[in-house]
Amino acid sequence: MKILVTGGAGFIGSNFIHFLIGPDNTFQGDFEILNLDKLTYAGNLENLADLSQSKNYHFVKGDICDGKLVESLLQSGVDAIINFAAESHVDRSLYEPDLFIQTNVVGVQVLLQAALRHRIKKFIQISTDEVYGSLPPDAPGFREDTQLSPNSPYSASKAAADLLVRSYFKTYGFPAIITRCSNNYGPFQFPEKLIPLFITNALEDKPLPVYGDGLNVRDWIHVEDHCRAILAVLEKGKEGEIYNIGGDGERTNLEITETILDVLGKPKSLMRYVTDRPGHDRRYAVDFSKIQRELGWSPAYPLKEGLAQTVQWYLRHDEWWRRIKSGAYRDFYQKHYQERLP
Ligand code: NAD
Ligand code: TYD
């Protein structure tokens, strides 16, 4: 099966490609992978450096909004598309919403239209639980039929894309599936998101900026569990369906922060309460019983073990994150951090 993976040089996409190819190129199945990535600030070919010799893997630098390029790639006989490409950070979507609409909405429409013309057999849109909005403290987790109520430009752009995907299924019978996963953590995550930012700041003895009261809740899932779920959807998922994916790992941001500091043996004094994110969703939790029941998938990583493994990965990949943090990202982060100081 030839798969066009878009956004494969980012965090989840690169983990998914590694997951499919397996250690020592032992592939999880008969796959050929074409990775189309624009290499934005979040795309990093270092994430895939070990695959440069793999005969079943090819990289193309380009934009999913470039219809001609996408058409030319599909002409080479692609069976399935898995769309990871996106602007993915809520904080950035507050500064540059136009970029989010361009890639996350227009880009998805370009992919859908080209895929429809080329009669692609399966299209998986990697969406997010954030499209459902925020949950009250004791409410049950989001179900696939929970109303969409996105609260940030990021989640609104992802919800818009989901509706486009739905419309292509309803209108043209286009074989699309949507997955909505909770917050991922693990190797190769860009150090702007909570867990890698806090691990690396702690390693540098820099402040850990906790937004608001730190009691916002996220459901955390190890990226490898997410990758396994996507493979299950690719192999067994039903066209036109939505599958929620969760990690059974609800924690407050304070709990995550304290665990990271404990694992690293760093003092709580590194925590710094800063101005809250505007429109900050209070709680996410996911009911993933549908994918459990229908596709036989469940998360395997207990959060504590996954976090400890992730901390070890960042310790061992010092050069990887230090290069990112000392490059162009440093100025963005400094400005963003200064603005939040009370
Ligand atoms: P990421 O920011 O690490 O990676 C995104 C990748 O997309 C980068 O390699 C980037 O270069 C590429 N890209 C961006 N714009 C592009 C364009 N126009 N054309 C081609 N490539 C482009 O993001 P991630 O955390 O790996 O997230 C991947 C997907 O999973 C996203 O769609 C995101 O919405 C979704 N998701 C993420 C999480 C999470 O916790 N990170 C949770 C649920 C869903
Ligand atoms: P993040 O990793 O940005 O993911 P998302 O906003 O998509 O859930 O943030 C996770 C949680 O951590 C969220 O409640 C915001 C909070 N947070 C902080 O408190 N400080 C930070 O520096 C960051 C990046 C996030």
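Around ligand 2, the shell splits into eight nonpolar, five polar and six charged residues (Ala, Val, Leu, Ile, Met, Phe, Trp, Tyr, Cys and Pro go down as nonpolar, Asp, Glu, Lys and Arg as charged, and the others, Gly among them, as polar). Before going on: this is a predicted model, where local features need pLDDT of at least 70, side-chain atom pairs count only at pLDDT 80 or more, and totals for chains, interfaces and linings use all residues. Residues are numbered from 1 along each chain as its sequence is written, chains are lettered from A and ligands numbered from 1 in the order in which they are written, and side-chain values use heavy atoms, with hydrogens and water left out.

Back to ligand 2: it has 19 residues around it, and the closest are Glu130, Pro209, Arg218, Arg277 and His280 (a residue is near if one of its heavy atoms lies within 4 Å). Now for its polar contacts, meaning pairs of N or O atoms within 3.5 Å. A polar side-chain atom of Glu130 sits 2.5 Å from a ligand 2 oxygen, while a backbone N or O atom of Leu194 is 2.8 Å from an oxygen of ligand 2. On its own, ligand 2 has 510 Å² of accessible area, and the protein covers 97% of that (Shrake-Rupley method, 1.4 Å probe). Helix H3 (90–95), helix H6 (194–203) and strand E8 (208–211) are the elements giving two or more residues to this shell; helices (H or I, at least four residues) and strands (E, at least two) are DSSP runs, numbered from the N terminus.

Over to ligand 1. Here 28 residues form the surroundings, with Ile12, Asp37, Ser88, Tyr154 and Lys158 the closest. By class they are 12 nonpolar, 12 polar and four charged. Ser88 puts a side-chain N or O atom 2.7 Å from a ligand 1 oxygen. The backbone takes part too: a polar backbone atom of Gly10 is 2.9 Å from an oxygen of ligand 1, and one of Leu39 is 3.4 Å from a ligand 1 oxygen. Taken alone, ligand 1 exposes 830 Å², and the protein buries 97% of that. Helix H1 (11–21), strand E5 (122–128), H5 and strand E7 (183–185) each supply at least two shell residues, and E5 gives the most, with three.

Key. Polar contact = N/O pair within 3.5 Å; in protein donor to acceptor, adjacent residues only side chain to side chain.
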